[in-house]
Amino acid sequence: MDCAADSCATDTISRDCISELAQEYAAYTTIPIAKEKAQFEESVELLLNRLDEYCQLVDLIRSDTSLCLNSTLPHIYAKSQQMKAIFERIDKLEVFVGVVRRNVAVMEGLVLKAEADVGSVSSVKKMLQLFKLPLFGTPKKTSQSPKQAVNHGRIKVKTTAEQQEAKRKEREQKLKLYTAGMSKVFSKRAAGELDEDLLTVSGQLLSANPDVYTLWNIRREVYTAWKQLKTKDEMQTSLEGELQFLEQCLRVNPKSYGVWQHRAWVLEAVPQSRWAQELELCNKFLNYDERNFHCWDHRRLVVDRGHVSADDELQFTSEKIKDNFSNFSSWHYRSKLLPLLHPNLAHPGGIDEDTLQSEFELVQNAVFTDPDDQSSWFYHRWLLGRQQRKLRVEMCHISSTTNHLIVTLNKSVKYGKDFQLVVTVDGDLTEVLWEAAGGREYCPVWMARLSKDQLRDDATHKVTVCLGPDSDVVTLHLDTEVTETNYLQPSSNGSMFSFEQSATASTVLTEQLDMCQQLHELEPENKWTLLSLLLLMRAVDHRKYSNETMSCIEKLTQVDPMRLNYYKDCRSKILMENAIESLASASCKICLRDAGLTSLHHLEYLACLAEVDLSHNALRRIQDGFLLQHVHVLDLSHNKITTCEGLSGLDGLQTLDLSYNSLVDVDDLHPLSSCPQLKLLNIEGNAVCSTSGARQQLRAMLHNVPVIHMDR
Amino acid sequence: MALPVKDVTISESAPSELLLQKHISYISAYGTKKDDYEYCMTEYLRLSGIYWGLTVMDLMHSLELMDRQEVLQFVRECQHECGGVGASIGHDPHLLYTLSAVQVVTLYDAVDTLDVDAVVKYIVGLQTDEGGFMGDKWGEVDTRFSFCAITCLALLGRLDAVNVDKAVEFVLSCMNFDGGFGCRPCSESHSGQIYCCVGMLAIVGRLHHIDADQLGWWLCERQLPSGGLNGRPEKLPDVCYSWWVLSSLSIIGRLHWIDKEKLVRFILATQDEETGGFADRPGDMVDPFHTLFGIAGLSLLGNTAVKPVNPVFCMPEETIRRLGLKPQML
């Protein structure tokens, strides 16, 4: 019974458990559908939005397409119909251009012939030239040569990706051809196959790039080998073919060194010479470009080999100049031809007076037509000329205290090679050892030391110096009172430096001065006129025009500020020349204080002086300072000097004033350590004084200088 | 009939600062694209290209970015048995590329890369009876080659190997009415040629033959209103003349005769702001040649961001000093 009751109780418990479990299971399987549904709906909404957008897009495209179909396409069609007519017209125009080009060529030939028959008809030719280049010639900037390591005049153009790709493909193709061509050429050359095929392949490569110099060499090898194998006629034909090929190359690239060089070689190699025809080619290419210096040089070869007369060539330059005054190449050529045709016997390298006169007239025409054309002015400057100077002794110095003999010549020369000096002391021929200032090989200043036996300061001496049998003898006298003396060559025709300006007669110079004065009145701002005026005034009478000269320079610095420093240096040169010319024979010092000097000139003329004052100027360096071999006292204070380079090895220098300059580093003063006599150096007012430790460093570096003045 | 002056105008937007970093990237990238069309098509002047690139990189303190071993190996392979050096492997020997090779090995202080005795022998063999030099065995004579020959020998310390007096005589026979020099006797003056002749005379210490005032005047007249320099009268300005004209003026001590500020402005305007490098004129395509001469010009004009350049050798001043060379300067 207990058992039954027990089992009954157990049943009740398990039933409860089961129902509880079932309920829990039921709860477990219930899904929260609302949340899921919300998420789902959101997704659908999003999809619908996208669909909407898509539909709008489709609508947009549809409307665009209809626009395209209904309106743009008909427009394009209409335009293309119109273009057809234009294309036809372009085609006709091209034909017309061809016809005109042929006609012009024919006409040019006829004109050339007519000119040859009748003489120059330059106005017709000039008119024809007007047509030629821009319309029918190849425009200069469409160079197709693939130079990239050296580009000249290749404009950078922005390109689209598509264009770039097309170009890349084209280049890839070209590169393949180039590489294949080159390896074929090299292997044929290595195998000794110097045949027609080698010419063809190398020719294709050279047409694309005429600067591959090795290929021209290979072609020369071919023709050289053929010379042994072929008849003269065959060689003539082959080489004439080569000349034609070269002309094609020149048309593409008229400035290729390789092409012109090869052409010269072929012309030498061709059995029957063709120099006369070649002159025609030169004419043609100088018509395309009158400044092509390759062609001018080629022309001179042709003239030489073809025995063309210098007279004919002069005529050619006259025509070229008539066409265009501004043709520097032609003026240049005249400067080479005239001394051959009309030499000036008195002045080697110059031209005779009559020719000079007519050349001046030609230049006059040019500069009155265009006063800004520099070509004719450069030529004018040449006509004014510079005299070839005969070597002579300009100055001498002798001292019986130092036993120094210093000679200044008018040129930089080398002893033994260019000149020799004969020295006598008291009538006795004396062997001396000559040394150039600064230890140079070529120099205008030469020094020798006489022995104490030869030159005593308690005796009277007569010393002579002479360049040779044809030269003047320079005589110097010393006695117990005068222990040192200077000699100065008396200047002929008033100006020591007139050779710088002119070798021409003074009447011609005066006429030219008048011409420039007239032009100056017409064109007061023209710098070329001012510069010539300056030069001519110096040449005609530098004392009379001294004020005008200076105002000319002042004006030049205003009208041409880019070359301000050139004009300032010109001014310094003139001032120094004037000062040197004013030196008396006995002078031992020169003063150029506060003169506004920016540069130094003709220092060889100061080589025999003991005192030189260049203070209060605007000098930055002492160019050629090594020439001041005798100077004892040198005043360079209040300048802008940044370096003592040029002041080394000055044997006579005792006092040097460099105060108030722009010396910054101690090292800038190093050259002074080689001046053995230097006793007093003043460097006050230079930045170097304020560098720490400068005093000690200078003492160590310049232990040869007992007294150095510097800022405290 | 007054002709308008041939010149260019510099736009306000043109670069006015030195874009050094861009130029370094431009040059260092130039030689890395060996399959590049432009690179391949300039094979005929490769060695000169290498000289331009290395020199400008050295001036920009960046020589270490270049592959020294590769360059020297290439130079070695370009030398022929005759001693002369070709522009590239397989190309014929010529003085132009022999000079570039000598400049490159000097820059790297690796002269032994070349057979120096053979180089000297090659150069000696090219001197003519008149004293001039042929560019190669085919006989073209030009004052450029006088410069190449003398410069090579000076860099190699072997000037005694040729007849210097004769060489000077030839160069002087090419002097003109304007004080300048041309390619051959009677040839018109040209700034590039003037640089060669003045440089050659400076190396052998014969500048006294030059009328420096006359030549300096002609050279300073090369400056146009834009500030740029042209090579001959009535020609357009070009950056490479910033080198030829400027170095000549510097050698004859007359650099201050031109307007430096305006020239600096012109050179800077030829830079390409996108790619780096300098062009001949503002807005044109850049190349390593004009990049060297742009940078070298700026160096002569006193720009201190780049190394000082030697006006005669167109190499860093420190390299020329290392060799103990002291060309004459007026």
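This is a predicted model: local features need pLDDT of at least 70, side-chain atom pairs count only at pLDDT 80 or more; totals for chains, interfaces and linings use all residues.

Reader: How many aromatic pairs does the structure hold over all chains?

Author: There are 33 aromatic pairs over all chains. One of them joins A:F285 and A:Y288, with 5.3 Å centre to centre and 85 degrees between the planes.

Reader: Why is the pair of A:F285 and A:Y288 called edge-to-face?

Author: The centres lie 5.3 Å apart, and the limit for a pair is 6.5 Å. The planes stand at 85 degrees, and an angle over 60 degrees counts as edge-to-face; the label therefore applies. Both residues belong to helix α9 (residues 275–288) of chain A, where 3 residues, about one helical turn, separate them.

Reader: What makes A:F285 buried?

Author: Its relative accessibility is 2%, and buried means under 20%. A:Y288, at 32%, counts as partly exposed, because this value falls between 20% and 50%.

Reader: Why is the pair of B:W243 and B:F293 called stacked?

Author: The planes of B:W243 and B:F293 meet at 25 degrees, with the centres 6.3 Å apart; angles under 30 degrees count as stacked. B:W243 lies in helix α11 and B:F293 in helix α13, both of chain B, so the pair ties together parts 50 residues apart in sequence. B:W243 is buried at 0% relative accessibility, and B:F293 is buried at 4%.

Reader: How do you know that A:R381 lies over the face of B:W217?

Author: The distance from the ring centre is 4.2 Å, and the cut-off is 6 Å. B:W217 also belongs to an aromatic cluster whose members include A:W382 and B:W218.

Key. Residues are numbered from 1 along each chain as its sequence is written. Chains are lettered from A and ligands numbered from 1 in the order in which they are written. Side-chain values use heavy atoms; hydrogens and water are left out. Rings of Phe, Tyr and Trp (its six-membered ring) pair if their centres lie within 6.5 Å; planes under 30 degrees apart count as stacked, over 60 as edge-to-face and the rest as tilted. Helices (H or I, at least four residues) and strands (E, at least two) are DSSP runs, numbered from the N terminus. Buried means under 20% relative accessible area, exposed over 50%, partly exposed in between (1.4 Å probe, protein chains only). A charge sits over a ring if NZ of Lys or CZ of Arg is within 6 Å of the ring centre and within 35 degrees of the ring normal.
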